[in-house]
Amino acid sequence: MQRTHGRLGRAPAAAAAALVLLGAAAAAGETPAEALELPVKEYVLSNGLKLLVLPRRHVPQVVCRLTYRVGSVNERPGITGISHILEHMMFKGTQVIGVKDAEKDRVIMERIDALAGEIAAAQATPGHEKLAALKDRFDALRKQQDDNLVPEELWELYRKAGGTDLNAATGNDSTNYYVKLPAGMEELFFWLESDRMAHAVFRQFYPEIGVIREERRQRVEDAPAGRFSEQLNALFFEAHPYRWPIIGYDEDIARVAPRDLAEYFGVYYRPNNAHVTIVGDVDPDACFDLASRYFGRIARGPDVPPPPICSPRGVGEIRVRAEAPAPDRVVVYYHTPPEGHPDSLVMDCASEILNGSAGRLHKALVLKDKLAVRVMAYNFTRTHGGLFGLVALAAPGADLAAVEAALLAQAEGLAKNPPDAAELARAKIQFEAHFVMQLGTLMGTAALIADAEATTSWRDVATYLPRLRRVTAEDIAGGVRKYLGAVRTIGVLTRTKDAAAARP
């Protein structure tokens with residue numbers, strides 16, 4: 001399944017309508033950023049489920065999104081990656097979806113789980129004489145289970161109704177399930193997703209764990225700089241639960257058992273820990289009736305425990321040096337505030353002053369000093385913290401100490417040399433265009449509303465442009481002085497000698 005990061009995504013569509021709205025406001029003498037209206041209707045069911053509906057009737061479609069406020073931040077050592085595992089397993093069906101005979105399936109699953117325990121015990125005993133026979137029985141049961149299943153029935157139900165873009169995404173702080181449907185078919189979403197919330201069945205657990213471990217191998221273990229990036233992130237966040245990867249560590253993925261998944265599901269996949277976002281050609285009150293009919297039948301769960309956030313104050317610089325079959329590079333991380341903090345947009349703008357082909361990093365390190373072939377700056381904010389990142393892929397033969405010094409000088413130099421009017425305007429235009437492009441599609445608008453609600457409040461979408469417009473050069477200089485200092489994590493990666501042909 002897909003994983004997403006960040007607040008804003010790019011989407012090519014009818015963004016022109018939003019641009020016309022902003023332009024008309026400017027012509028009328030108003031501040032364009034203050035003209036955005038977001039007439040979201042908000043409802044809360046008695047069991048705690050929140051429903052957010054935004055009618056947009058320019059196309060006969062509707063995007064439906066279900067967000068659970070759980071992600072890798074809610075995990076702990078021993079079960080890292082379980083949020084992502086659960087996302088995969090939610091597509092395996094329910095008591096009535098994805099299976100021909102539910103009772104037969106239940107019996108087979110119990111026998112499979114019991115055999116898995118016997119196999120694990122046998123594998124712990126070298127030379128166990130029954131191991132091969134146990135594996136044969138396990139494979140035979142798996143075949144029986146497969147024969148009793150209706151593969152991909154969830155997707156087929158959506159597809160036959162004209163649904164597209166069915167997918168899911170696991171992040172640090174939330175997990176999302178979404179689909180686009182023809183207008184008038186939203187009841188299918190309410191039925192299927194309420195059934196998954198109430199009656200999910202985690203079939204094919206063991207083969208799916210194998211799929212996820214292979215996914216990790218491709219993304220991390222076999223990626224040229226994968227392990228370097230993972231270790232750098234772990235050191236940067238230290239005791240904070242953002243330190244482990246969303247996909248989890250391989251040892252934990254292999255260790256998670258069906259009972260762990262069931263317990264995790266029972267705690268976090270409850271109506272009072274979720275919200276539904278509907279954007280498109282719909283009637284809000286009709287959506288509320290559907291939500292009440294389907295999700296209203298599910299009991300509220302206990303209040304979800306907050307994640308165990310621990311953010312010790314650093315006292316200096318942490319450094320990592322490593323070799324990998326990847327181009328030489330320098331990476332610098334600084335701590336910045338979480339999403340919703342007044343300084344989060346300030347540091348967004350600071351990163352954009354440095355980023356891009358017109359940014360300070362490219363001009364200094366790539367064009368002027370020829371120290372790097374590619375540079376990047378970004379501010380990645382989440383619910384419980386932010387990361388300001390600088391990356392430079394070194395030019396062949398470049399001195400990495402000089403690359404590092406140049407990166408630090410450009411970033412921290414913003415405090416003494418704030419952006420001029422043109423630089424600040426360029427940064428804001430980039431974010432405004434990105435934002436308006438996302439508003440131009442149903443899928444993008446639904447993601448903005450759902451993600452904002454998961455982090456702060458959906459109302460922050462309506463105030464995004466005014467808040468962005470208020471950022472000044474002095475704000476950026478102050479933010480750099482406050483956050484881009486000696487407390488930082490620096491990673492230096494050099495290419496292994498036998499990996500000259502490795503790709504970035």
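Predicted model: local features only at pLDDT ≥ 70, side-chain atom pairs only at ≥ 80, totals over all residues.
Let me begin with the sheet, in which 6 strands are arranged in the order S1-S2-S6-S3-S5-S4, open and with mixed pairing; strands here are DSSP E runs of at least two residues and helices are H or I runs of at least four, numbered from the N terminus, and two strands pair if DSSP finds at least two bridges between them. At the edges lie strand S1 (41–44) and strand S4 (164–170), each of which pairs on one side only. On average, neighbouring strands of this sheet are turned by 15° against each other, direction ignored, where axes are lines fitted to C-alpha atoms, for helices over the stretch in contact, and angles run from 0 to 180 degrees between N-to-C directions.

Residues are numbered from 1 along each chain as its sequence is written, and side-chain values use heavy atoms, with hydrogens and water left out.

S1 and strand S2 (residues 50–55) run antiparallel and are joined by 4 bridges, with Val44 standing opposite Lys50 in S2. Helix H11 (residues 284–294) packs on the sheet, touching S1, S2 and strand S6 (274–280), contact meaning heavy atoms within 4.5 Å, and the direction of H11 makes about 150° with that of S2.

Finally, Ser194 belongs to helix H6 (residues 186–199) and counts as buried because its relative accessibility is 2%, the cut-off being under 20% relative accessible area with a 1.4 Å probe, protein chains only. Not counting residues up to four places away in sequence, Ser194 touches Phe189, Tyr294, Phe295, Arg297 and Ile298.

Conventions. Buried < 20%, exposed > 50% of the residue type's maximum accessible area, 1.4 Å probe, protein only.
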